Amino acid sequence: MTQAEKEQDSGKEKEKEREKEKEKEQQRGVKRPIAPPAIPEPLQEQIQSNFVVVIHPGSRTLRIGRATDTLPVTVPHVIARRHKQSGQPRYEDAWLLREGLNKPESKEQRQNGLKMVDQAIWSKKMSNGVRRTPVSADQARAYNCQIRPAVLDSSSRVKWTNTAHHPPHLVGEEALYVNPSDCYNIHWPVVRGQLNVHPGPGGSLTAIMADLETIWSHVIQKHLEIPLKDLKYYRCVLLVPNIYNRQHIKELVNMLLLNMGFAAIIVHQESVCATFGSGLSSACVVDVGDQKTSLCCVEDGVSHRNSRLCLAYGGSDVTRTFFWLLQRAGLPYRDCQLSSRLDCQLLQQLKETFCHLDQDTSGLQDHEFQTRFPEAPALLYQVRLGDEKLQAPMGLFYPTTFGIVGQKMTSLQYRSQGDTEDPHDEHYLLATQSKQDQSSKSAAERKAVSRPGGALDGEMSSQGGIGELSDLPRGCGIGGSGGGMQGEMELGPAQGECLMGTGEVDEPLSAHLSRKTAIMSQFESKALGLDKAILHSIDCCASDETKRKMYSSILVVGGGLIFHGAQEFLLHRIINKMPPSFRRLVDNVEVITRPKDMDPRLISWKGGAVLACLDTTQEMWIHQREWQRFGVRMLRERAAFVW
């Protein structure tokens with residue numbers, strides 16, 4: 001027998017043995033694993049994080065950088081544009097000044113706010129158990145009025161921006177240091193978290209979009225060193241406010257994809273990115289910015305729409321209040337003006353240096369500061385201050401101290417007004433939903449007729465008219481916690497109070513809507529203190545379990561509350577004001593102001609960078625070609641929040 005025949009025989013024997021083993025296994029009931037068919041996985045494009053630019057546009061500061069950068073580039077979000085014709089009047093957007101400050105009742109309101117602040121200072125004991133006695137401004141004034149500045153240097157070594165070559169525009173620090181006598185208009189494109197649309201020069205939406213494109217393009221070229229022609233190889237993550245204007249977001253995406261030429265974009269909310277940046281799965285995010293304070297409860301990467309609240313005050317209002325208090329205490333720098341850009345910058349620095357929320361610090365204390373302005377000597381001032389350093393930041397908890405009258409102080413997320421580019425929008429969904437409600441209601445009525453007694457109570461209460469009346473505030477007998485598309489304008493009861501009584505479903509819809517509008521306008525004119533706003537936001541969450549999570553993780557981000565003692569101060573006020581029922585349920589109320597020892601101003605940007613690197617976000621990218629073809633519909637399909 002040849003070698004080949006021997007191998008063939010042994011192969012046959014092995015085959016027989018394998019078949020016998022299979023038969024035995026089948027008899028014993030043992031199942032062999034079935035190898036799955038080899039299906040080729042779709043090739044997913046590997047995204048390189050160093051080719052992703054994260055943009056976080058704030059009211060006063062722009063933060064921008066690659067997703068791989070440790071820290072973003074931070075520049076003042078301002079542009080100076082040269083006049084097209086000589087002799088044109090100068091225009092400058094206000095920094096610390098705002099509408100509603102010069103009303104007859106403004107001063108009275110400010111005084112009432114200060115009385116409440118002084119009462120709060122007096123009522124809280126220091127850590128040694130002694131009550132803190134408020135210090136009169138007159139004591140500091142007597143000393144400060146005698147102070148004269150000392151000359152440090154005959155030249156401040158600070159220069160105005162050189163405009164001899166007549167640049168058409170200047171961005172960031174260069175724009176701030178444009179000489180007021182030069183022919184330039186100063187524009188801040190974002191105000192209180194929204195695009196700064198106004199009737200004055202440069203206030204049209206087109207002009208603002210041009211300003212933003214110029215600022216962002218300049219920073220990308222100069223600081224990130226990316227040529228604009230190479231942006232087709234880059235992707236972009238854009239952080240937007242929790243309460244957003246759909247038209248503005250659409251224009252921004254248009255600009256980034258079509259004008260600037262990014263290959264793809266992800267749009268996400270600041271609050272959700274803040275949780276990513278801090279490494280928390282759920283939190284009540286309190287973002288205290290320079291001009292607005294926004295609150296939102298975030299759970300597992302989703303922002304609860306009912307809990308969103310935006311307050312029209314922030315760090316710059318504290319700065320302005322501090323200036324008024326300094327004036328009352330006889331500030332030795334007598335020429336300080338809120339209309340001057342450089343004085344506003346100085347006041348911001350003084351607030352950040354001197355103000356605190358530590359109630360153990362009491363009595364009069366001496367401080368010093370320097371002024372360094374172009375074409376002026378460097379001066380050193382002495383100043384004696386008492387409670388002013390504590391009173392100003394406490395304005396965030398007693399907003400009447402800001403003296404703002406007749407302005408909309410609270411914003412909620414309004415329903416979409418519809419978009420011609422998006423035929424299957426929210427209105428379409430609501431219309432089809434109400435048709436389904438009507439058909440189910442008629443089916444229920446038919447059942448009830450055939451049922452003895454015709455009792456319909458349960459079904460009617462759960463279905464009748466909810467589609468139309470879902471805008472009612474929470475806790476008001478109808479609408480419940482409201483989810484998905486229906487809960488857009490729900491407020492939630494403020495401190496457990498119901499804004500609307502029950503049993504009002506029978507009134508005509510028009511009367512109901514007009515009353516609802518009146519309630520909304522009344523609510524929006526109110527300026528809630530920061531602690532009350534936090535409680536209100538948490539109270540709007542659907543379940544007690546979610547509320548418990550939020551109380552145990554209150555995340556404070558942004559630059560408006562970076563004061564010594566802020567964490568303890570806010571924690572004390574939350575615990576004192578939270579509903580008694582939750583004091584038993586919540587094991588540990590926690591206020592987080594510096595997660596992972598990071599600068600709270602950078603946390604949202606950092607979260608955007610984390611988002612860009614996650615595998616789970618791959619389906620959120622909107623590509624340039626898709627946007628050209630489908631437009632705003634892509635935001636409804638791809639945005640990680642309900643558009």
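User: Is Asp211 buried or exposed?
Analyst: Asp211 counts as buried, because its relative accessibility is 3%. Buried means under 20% relative accessible area, exposed over 50%, and partly exposed in between, using a 1.4 Å probe and protein chains only. This is a predicted model: local features need pLDDT of at least 70, side-chain atom pairs count only at pLDDT 80 or more, and totals for chains, interfaces and linings use all residues. Residues are numbered from 1 along each chain as its sequence is written, and side-chain values use heavy atoms, with hydrogens and water left out.

User: Which residue does Asp211 form a salt bridge with?
Analyst: Arg81. The closest N and O atoms are 2.5 Å apart. A salt bridge is a side-chain nitrogen of Lys or Arg within 4 Å of a carboxyl oxygen of Asp or Glu.

User: How many salt bridges does the structure hold?
Analyst: 18. Among them is Arg573 with Asp531, where the closest N and O atoms are 2.7 Å apart. Arg573 lies in helix α17 (residues 566-577) and Asp531 in helix α15 (residues 530-539), so that pair links parts 42 residues apart in sequence. Both Arg573 and Asp531 are buried.

User: And which residues do shared partners join into one network?
Analyst: Arg90, Glu92 and Arg341.

User: What about Lys229, exposed or buried?
Analyst: Lys229 counts as exposed, at 61% relative accessibility. Lys229 forms a salt bridge with Asp230, with 3.7 Å between the closest N and O atoms. Asp230 is partly exposed at 21%.

User: Back to α5. At what angle does α5 cross α6?
Analyst: The axes of α5 (residues 205-222) and α6 (residues 246-259) cross at roughly 45° and come within 11 Å. Axes are lines fitted to C-alpha atoms, for helices over the stretch in contact, and angles run from 0 to 180 degrees between N-to-C directions.

User: Which residues of α5 make the contact?
Analyst: Leu205, Met209, Leu212, Glu213 and Trp216. On α6, the partners include His248, Glu251 and Leu252. Contact means heavy atoms within 4.5 Å.

Conventions
Helix = DSSP H or I, 4+ residues; strand = E, 2+ residues; numbered from the N terminus.
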